[in-house]
Protein chains: 2
Amino acid sequence: MASGYTLTPWEAKGRIDYDKLIEEFGVERLEDRHFEILQELAGELHPLLRRRFFFAHRDLDHVLADYQSGKGFFLYTGRAPSKSPMHIGHIIPFIITRWFQEKFEVNVYIEIPDEEKFLAKKADSLDEVAPYAEKDILNIIALGFDENRTFIFKDTEYIGRMYRAAVLIARHINFSTARAVFGFDGETSIGLIFYPALQIVPTLFEKKRPLIPCGIDQDPYFRLQRDIAPKLNRYKAAELLSKLVWGLTGPETKMSASEPETAIMLNEAPREARRKIMNAYTGGRATAEEQRRLGGVPEVCPVFHWFSVLFENDDKKLEERFWACKRGELLCGECKTHLAERVERFLVTHAQRVKEAEAKRDKFLYDGKLAQEMWNWEFKLE
Amino acid sequence: MASGYTLTPWEAKGRIDYDKLIEEFGVERLEDRHFEILQELAGELHPLLRRRFFFAHRDLDHVLADYQSGKGFFLYTGRAPSKSPMHIGHIIPFIITRWFQEKFEVNVYIEIPDEEKFLAKKADSLDEVAPYAEKDILNIIALGFDENRTFIFKDTEYIGRMYRAAVLIARHINFSTARAVFGFDGETSIGLIFYPALQIVPTLFEKKRPLIPCGIDQDPYFRLQRDIAPKLNRYKAAELLSKLVWGLTGPETKMSASEPETAIMLNEAPREARRKIMNAYTGGRATAEEQRRLGGVPEVCPVFHWFSVLFENDDKKLEERFWACKRGELLCGECKTHLAERVERFLVTHAQRVKEAEAKRDKFLYDGKLAQEMWNWEFKLE
């Protein structure tokens with residue numbers, strides 16, 4: 001595996017050094033005090049927090065202080081639909097966003113930039129992306145958001161309400177800045193060059209601090225936002241930044257729809273999911289004998305990683321699994337069977353919830369309390 | 001006066017050599033045959049045509065053939081509102097557009113890009129531009145368009161219907177092309193970089209050939225359009241290109257709101273208009289005696305130019321004026337008085353029509369036959 005890495009909103013390649021990213025992106029590490037305050041306010045900590053899968057932030061202290069002082073905050077995240085369905089790694093920001101919504105009773109805005117992949121030349125037409133946008137919306141709704149506190153919007157539909165604010169934002173972003181931040185060049189389409197303004201717009205939806213759970217690859221948008229927001233008399237975006245879920249093919253690899261063996265899609269057939277997991281790379285030894293003697297290496301094992309991120313909520317059981325592997329008592333075949341069972345169960349339940357989401361879709365997009373308000377939203381410089 | 005000139009959609013400076021522009025822009029000169037066919041089809045020729053103030057075109061032959069074959073065509077033009085009202089030079093494309101609408105009974109689309117000057121850093125806020133956008137709309141309506149065949153739209157209001165098409169267009173325009181065509185650089189805002197896509201959108205409104213009467217400074221947008229339209233299964237834009245109306249301060253100068261003595265605003269007080277005209281630069285001699293002896297030079301006279309462009313429809317009378325000047329019989333004071341009277345009369349009539357336009361405004365923007373259709377328009381790749 002290459003030791004170098006590249007990470008832009010459009011690409012993540014190679015092993016990722018998160019300490020280096022914290023330094024490079026200029027974000028803050030999440031500290032014990034954050035988890036203590038969150039624990040106190042929420043009454044518990046989501047496993048993705050207590051296991052530090054969210055590892056960095058911007059202005060989380062301010063968000064928590066705003067909450068404690070009664071000012072409140074709001075949540076914003078998104079998903080750019082592409083030519084393939086969402087995979088299991090994509091749900092991380094939505095899971096934590098939903099958790100924050102439940103615990104803090106705040107509004108959630110979810111942008112579906114259904115033009116971005118087309119403009120980035122990762123899709124050949126808008127029509128190619130359109131059905132995936134709809135599937136993504138159902139997948140997101142299926143994760144359990146509050147239909148009256150959540151607004152989901154597609155750029156191509158909601159642009160009429162966004163454009164004015166986007167223009168005010170865009171005026172503050174010169175090409176040289178956009179080029180430096182996003183690596184744009186002469187080949188970049190003028191639509192993609194404008195797009196950052198649209199990803200920034202939802203940070204202005206309320207006169208409260210926006211908290212954005214996302215992958216660190218999205219930070220450049222919000223770093224830009226933080227320069228601009230004060231000029232528009234709005235709050236700088238706060239961020240809660242997660243690591244990437246490893247692909248099944250190795251430690252710190254990325255799940256990628258274009259490499260099917262790396263990922264489990266949210267609409268994957270359970271049998272196929274099982275097959276992929278049974279074929280996964282692990283932290284096991286060359287032979288069962290060797291593994292019993294030396295123990296496995298869960299630290300580099302995607303299977304153990306998946307338990308820790310999504311498929312084992314019980315810390316004690318996760319620790320038992322860790323040590324059983326280390327001691328050579330739990331072999332990879334058995335461990336993978338355990339994971340496959342959980343993933344299959346998740347996929348079956350999720351498919352059921354996606355079905356149920358169809359009936360609720362319009363609440364999130366048009367008819368729910370927040371959605372209705374947002375179809376009358378207008379940005380006003382105050 | 002400098003012999004060099006610059007002409008971009010944002011600037012026109014110095015003496016303009018139209019022959020050179022035809023060559024540089026790669027457009028075609030309007031030929032006798034165009035005027036003959038137009039005369040035959042329309043039954044007459046507008047003075048701006050028969051006096052060749054419209055001097056160049058793209059694809060006018062195709063437009064006329066389309067009309068003759070029954071395919072038809074449509075008209076598109078626009079006005080970017082700024083921090084000052086429209087002046088008399090700005091109405092040229094609208095006058096000829098209205099004439100074509102009347103003679104050929106075709107639809108007219110008028111874009112009001114109310115974000116452009118702000119994005120081009122020629123205005124400090126959108127709110128600063130907004131009242132001028134409204135005044136421009138009334139000024140345009142006052143010129144006599146058909147309320148059921150004309151759709152006037154502001155970008156910030158109509159973007160919801162335009163964005164999808166703009167994205168399809170934008171995907172075909174890389175930054176390097178936009179930079180070469182418009183002179184964008186690192187300081188250009190990402191909003192202005194995207195803007196050309198929005199100016200191209202209306203050329204896709206119908207599956208007919210769009211004819212765009214405009215100043216040649218707007219040609220770069222439509223040159224781009226002509227590369228893209230075939231890829232979107234639409235017609236290349238046809239153009240009808242006018243010269244610039246001279247300012248009052250000299251031959252081939254430009255009217256400019258920032259240099260008030262050069263221009264008469266559409267809302268100018270008639271007394272003030274008279275004062276400016278009486279102070280105008282002319283083709284007269286140093287003294288009355290000299291002028292009687294040598295004659296004036298109407299060829300370089302803004303006052304004569306204004307008669308020829310807007311304030312004398314009768315060719316015979318215009319010729320008489322020309323020779324009376326040449327022969328030293330008509331001195332500048334008298335000639336300017338004639339012009340001042342016509343301009344005053346125009347301003348009074350126009351002000352009355354602007355007043356009447358208020359009641360009709362919503363027909364053009366929302367309720368008229370074409371406007372209603374356009375609020376349901378969707379671009380479909382066919």
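Modeller: We may begin with Lys208(B), which is partly exposed at a relative accessible area of 32%; that class lies between buried (under 20% relative accessible area) and exposed (over 50%), using a 1.4 Å probe and protein chains only. Please note that this is a predicted model, in which local features need pLDDT of at least 70 and side-chain atom pairs count only at pLDDT 80 or more, while totals for chains, interfaces and linings use all residues. Residues are numbered from 1 along each chain as its sequence is written, chains are lettered from A and ligands numbered from 1 in the order in which they are written, and side-chain values use heavy atoms, with hydrogens and water left out.

Colleague: Which side chain does Lys208(B) meet in a salt bridge?

Modeller: Its partner is Glu206(B), with N to O at 3.9 Å. A salt bridge here is a side-chain nitrogen of Lys or Arg within 4 Å of a carboxyl oxygen of Asp or Glu. Glu206(B) counts as buried, at 12% relative accessibility.

Colleague: And what does Lys103(B) pair with?

Modeller: Lys103(B) forms a salt bridge with Glu44(B), the closest N and O atoms being 3.0 Å apart. Lys103(B) sits in helix α5 (residues 92-104) of chain B and Glu44(B) in the loop between α2 and α3 (47-50) of chain B, so the pair ties together parts that are 59 residues apart in sequence. Helices (H or I, at least four residues) and strands (E, at least two) are DSSP runs, numbered from the N terminus.

Colleague: Is Glu44(B) buried or partly exposed?

Modeller: Glu44(B) is partly exposed, at 35% relative accessibility, and Lys103(B) is partly exposed as well, at 23%.

Colleague: How many salt bridges are there over all chains?

Modeller: The structure holds 67. In chain A, a network of them links Glu134(A), Lys154(A), Glu157(A), Arg361(A) and Asp362(A).

Colleague: What is the count between chain B and chain A?

Modeller: It is two salt bridges. Arg164(A) and Asp127(B) meet in a salt bridge, with N to O at 3.1 Å.

Colleague: How many residues does each chain bring to the contact?

Modeller: Chain A and chain B bring 34 residues each, where contact means heavy atoms within 4.5 Å. Together the two chains bury about 3100 Å², of which 67% is on carbon and sulfur atoms. Buried area is the accessible area (1.4 Å probe) that two parts lose on being put together, summed over both. Tyr163(B), Arg171(B) and Ile190(B) supply 26% of the area that chain B buries against chain A, more than any other three residues.

Colleague: Let us change topic. Which residues of helix α4 in chain B are buried?

Modeller: In α4(B), residues 60-68, the buried residues are Leu60(B), Val63(B), Leu64(B) and Asp66(B).

Colleague: Why do they line one face of the helix?

Modeller: Seen down the axis of α4(B), the buried residues fall within an arc of 160°, so they line one face; the arc is that of the directions from the helix axis to the C-beta atoms. An α-helix has 3.6 residues a turn, so residues three or four places apart point the same way.

Colleague: What covers those buried residues?

Modeller: The cover includes α2 (32-42), β4 (54-58), β5 (73-78), β8 (209-215) and β9 (238-242) of chain B. Just after α4(B), Gly70(B) takes a positive phi of about 90°.
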